[in-house]
Amino acid sequence: MKERELVIVGGGPAAMAAAISAHERGVRDILLLERDQFLGGILNQCIHTGFGLNYFKELLSGPEYAHRFIEKIKGIKDIEISLQSFVTHLNSDKELIYLRPGEMKEVRARAIIMATGCRERTREMIHVAGTRPAGIFSAGLAQKLINSEGLLPGQEIVVVGSGDIGLIMARRFTLEGAKVKAVIEIQKETKGLVRNVVQCLNDFNIPLYLSHKISRIYGKDRVEKVDVIAVDDNFNEVDNSKFEIECDTVLISAGLIPENELIEMAQVKMDKRTNTPISEKTNKTSIEGLFVCGNAFKIYDLVDSVTRDSIAAGEMAAEYLGYKK
Amino acid sequence: MKKEIICIECPNGCVLSLEIKDGEIVNLEGNKCDKGKVYAVSEIENPVRVLTTTVMSEGLSVLMVPVKTREPIPKSELLNAMEKIRKIKVKRSVEAGEVIVRNFMGLGVDLVATRSVS
């Protein structure tokens, strides 16, 4: 089995920052495994601006933020970038198996940084009753369909949850000519940043219902309507507050879950509640030399913070490998 | 007239308290930095936004090329701008930052690609 000094799993902002920083600290044998055919991760579909104010002191779109790291990492010859490379196995001896088109490869790493990001919570996780018609999407999936595939997945939209991606997508659907009929948030306040409430909802007069929830989804083949009901401070339904909204699409924007199946496979001690490694220090796990950074370690609000902490992960890996400051 | 608006220049989301007289801000409170002041004036006189969207490509490795207006454009022009952008097709490789349409809609602002696509 081939041995590498440092293997990084992922190709988004966390992985790229970690790789660059480990290299700056002296690591010269780095393999980066990205499952997609491009570097950049989720930033490629986050075409809105709002990135980089802390790290670059500039307002950038997601692809622009990614671009700066892609240019930099491509210029570092010591970092081998392997695209379309999907890691299927990881064990506690830091051995990985990954698939590339036409081949299966094994590699043993002296240190590993997992930068595998996160995925979206689904309708099933927020317990919405009703039928299971077409037209129910997580907000990020709708974002991918519109921004990467050029497809508009609906015309009359209800957004469930007021996370930033949901707010951003409410604006995106509106700009693309769809009608966003409501954003429904069970909490008393929006989950997303207030600036996104202003520029994504208020700018387009999209109604926001706080302390409300969707109680049922109707429709046989395609979503036809939803029931919306007010809730009190204990999230109990308020009598006689139910009303209907006709729509063909329901977007779920109910938060993110770190994606950590591989470290779980390697027997890393996990917090089952958050799906993150139990750790006394950011980026560390119960296995020496196995680090986790970015949204896989914890869900961040800003990519700038992901970059900051992932730079630290690269430094920690370098230090573990014996490179001094 | 008193008015409260929320600054959207950064994730802080400062609540700005404005006192407006004859269409001009005579008093401003709540901004943590100077960007808030510029935003408040613009929001009262001529609200503007950076438009980010995509244009279709033809024969390139990525189907949709992300674009933005290099500077903010009037908020009232956003939907018109989308109509125009829908008709654009990118048929050659572009670099991030490269101009797709110069002086877009005569607004004095360029429409630029935000991703390198070949």
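Domain bounds, as used here, come from an automatic or database domain assignment. On that basis chain B is divided into domain 1 (2-45) and domain 2 (52-113), and the C-alpha centres of domain 1 of chain B and domain 2 of chain B lie 29 Å apart. The structure is a predicted model, in which local features need pLDDT of at least 70 and side-chain atom pairs count only at pLDDT 80 or more, whereas totals for chains, interfaces and linings use all residues. Residues are numbered from 1 along each chain as its sequence is written, while chains are lettered from A and ligands numbered from 1 in the order in which they are written.

Two residues are taken to be in contact if their C-beta atoms, placed from the backbone, lie within 7 Å; by this criterion, the contact between the chains takes 20 residues from chain A and 22 residues from chain B. At least two residues of the side of chain B that touches chain A are supplied by each of strand S5 (52-57), strand S6 (64-69) and helix H2 (78-86) of chain B, where helices (H or I, at least four residues) and strands (E, at least two) are DSSP runs numbered from the N terminus. S5(B) provides the largest share of this side, four residues.

Four strands of chain A form an open sheet of mixed pairing in the order S10-S15-S16-S17, with strand S10 (129-130) and strand S17 (243-246) as the edge strands, each of which pairs on one side only. Strand S16 (residues 225-230) and S17(A) pair in the antiparallel sense over four bridges, and A:Val228 has A:Phe243 in S17(A) as its bridge partner. Elsewhere in chain A, strand S2 (residues 30-33) and S5(A) pair in the parallel sense over four bridges, the bridge partner of A:Leu33 in S5(A) being A:Ser82.

A nonpolar core is defined as a set of buried Ala, Val, Leu, Ile, Met, Phe, Trp, Tyr and Cys residues joined through C-beta atoms within 7 Å, and a residue counts as buried if 20 or more other C-beta atoms lie within 10 Å of its own, exposed if 12 or fewer, and partly exposed in between, with C-beta atoms placed from the backbone. The largest such core has 59 residues, of which A:Ile8, A:Ala18 and A:Ala19 touch the most other members; helix H1 (residues 13-24) of chain A gives the most to this core, with eight residues. Leaving aside neighbours within four places in sequence, A:Ile8 is in contact with residues including A:Ala15, A:Leu32 and A:Ile113.

How values were computed:
Pairing = 2+ DSSP bridges.
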